[in-house]
Amino acid sequence: MKILRQLLIVTSMATIFTAACNTAEEKTEPANAAPEAQMKQEKWGTVDGKDVYLYTLTNKSGATIKITNYGGIVTSWVTPDKNGKSTSIVLGFDSLSGYLAKPPYFGAIIGRYGNRIAKGSFKIDTTTYTLAKNNGVNHLHGGDKGFDKVVWHGLTKKSSPSSTSITLHYVSLDGEEGYPGNLKVDVTYTLTDENELSIEYSAETDKPTVVNLTNHSYFNLTGDPSKTILDHSLQVNADKYTPVDKGLIPTGELKEVKGTAFDFLQPHTIGERIASVEGGYDHNFVLTRKEKGLELVATLSDSISGRKLEVFTEEPGLQFYSGNFLDGTIKTSNGTAINKYAALCLETQHFPDAPNQPAFPSTLLKPGEKYHTITKYKVSVSK
Ligand code: GLA
């Protein structure tokens with residue numbers, strides 16, 4: 001009887017797993033794919049009547065990245081420190097319920113517009129569009145239900161001998177959160193054997209709209225969110241930043257970082273000058289680009305773990321947010337309070353409020369055009 005019951009449980013689990021795998025439209029996986037580069041898929045729950053999965057990407061060195069199609073969230077990135085101890089360098093939860101409690105964008109894809117649009121309003125030609133005011137009087141990170149809170153679908157999986165990729169698709173309908181145009185979005189995450197996470201964003205629209213996609217991972221290179229990031233050292237290739245008003249909307253000025261707490265041209269610890277920055281760092285850095293393509297723009301390092309994170313992007317801006325609004329109310333899956341400065345974000349982007357600031361690089365996307373941008377995070381460790 002007992003054996004029969006166990007057999008039944010095993011069979012039904014196998015059925016659930018097979019069903020989960022079958023929902024993925026798996027594409028070309030070369031027969032010679034290295035066994036090291038792997039992807040595992042498991043059912044994680046249901047949101048809005050849609051299946052939510054957790055995908056685990058593993059590379060040759062044993063690093064793993066977990067991503068869910070709910071919000072396209074990177075839930076963990078486990079890498080070894082200088083002593084070979086593996087821990088996650090991003091804030092995240094072990095179960096879907098953690099995300100349904102709406103933590104502030106942990107690990108998520110942000111869209112249709114990363115960061116703020118003043119007064120939730122912008123104009124294209126003569127038409128004014130009104131968006132949700134979900135951050136005081138302003139619009140933030142795509143609105144009440146941005147790309148971070150929807151179920152993405154149509155996963156495809158691609159593997160090469162030295163990397164594993166998944167693509168998530170989402171169609172944001174005309175009028176969703178107030179934005180014009182049906183916007184088809186693809187985001188491909190690739191983990192390479194060089195411990196790089198590349199995020200490739202593509203989008204197309206059928207009406208003129210604005211687009212600014214990013215990822216909102218919160219990094220703590222110690223792998224221990226009970227420690228702050230104040231001793232992390234940061235270097236950013238930006239000789240200007242965009243000062244903001246009280247509502248964190250850029251004033252329009254591109255201010256020289258020279259002689260200010262925003263000068264990270266040479267590495268500085270985050271804690272060194274943070275007391276002189278009202279509210280902490282939450283600013284867009286104007287990247288000084290040497291070329292047009294993917295370029296190294298920022299380096300974060302932590303001497304405790306020996307880990308280094310390099311950020312490469314094609315974007316003109318980088319939002320450095322030092323976790324100022326984290327206040328201990330959210331706990332990790334094992335109960336650690338996530339306090340102020342427990343982690344930081346390096347969000348590659350076009351500038352906040354660009355739709356209302358004609359002097360900023362444009363975020364307008366027209367029918368027939370292709371939005372395409374790549375950002376890559378690379379982790380390494382030194383003894
Ligand atoms: C971004 C914003 C911050 C804050 C966080 C999420 O980085 O710039 O002001 O809203 O997201 O809490």
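Two strands count as paired if DSSP finds at least two bridges between them. The structure shown in these views is a predicted model.

**View 1. The whole chain of the predicted model.** The protein has 2 helices and 27 strands. Its C-alpha trace spans about 75 × 55 × 40 Å along the principal axes. The radius of gyration is 21 Å, which agrees with the value near 21 Å for a compact globule of 383 residues. Of the 383 residues, 43% count as buried. Among contacts between residues at least 6 apart in sequence, 65% join residues at least 24 apart.

**View 2. An open sheet of 5 strands.** The strand order is β19-β18-β21-β24-β25, and the pairing is antiparallel. The edge strands, each pairing on one side only, are β19 (255–256) and β25. Strand β18 (residues 238–242) runs antiparallel to β19 and is joined to it by 2 bridges. Tyrosine 241 has lysine 255 in β19 as its bridge partner. In general, strands of a sheet pair through backbone hydrogen bonds, in either a parallel or an antiparallel manner.

**View 3. The largest nonpolar core, around valine 236.** This core has 82 residues, and those with the most contacts inside it are Phe219, Val236, Leu318 and Leu344. With neighbours within four places in sequence left aside, valine 236 is in contact with Phe264, Phe285, Val297, Ala298, Leu318 and Phe320. In soluble globular proteins, nonpolar side chains tend to be buried together.

View 4. Phenylalanine 325 is placed in the loop between β24 and β25. Asparagine 339 is 14 residues from phenylalanine 325 in sequence, and their C-alpha atoms are 8.6 Å apart in space.

Technical notes: Residues are numbered from 1 along each chain as its sequence is written. This is a predicted model: local features need pLDDT of at least 70, side-chain atom pairs count only at pLDDT 80 or more; totals for chains, interfaces and linings use all residues. Helices (H or I, at least four residues) and strands (E, at least two) are DSSP runs, numbered from the N terminus. The radius of gyration is taken over C-alpha atoms; the globule rule is 2.2 Å times the number of residues to the power 0.38. A residue is buried if 20 or more other C-beta atoms lie within 10 Å of its own, exposed if 12 or fewer, and partly exposed in between; C-beta atoms are placed from the backbone. Two residues are in contact if their C-beta atoms, placed from the backbone, lie within 7 Å. A nonpolar core is a set of buried Ala, Val, Leu, Ile, Met, Phe, Trp, Tyr and Cys residues joined through C-beta atoms within 7 Å.
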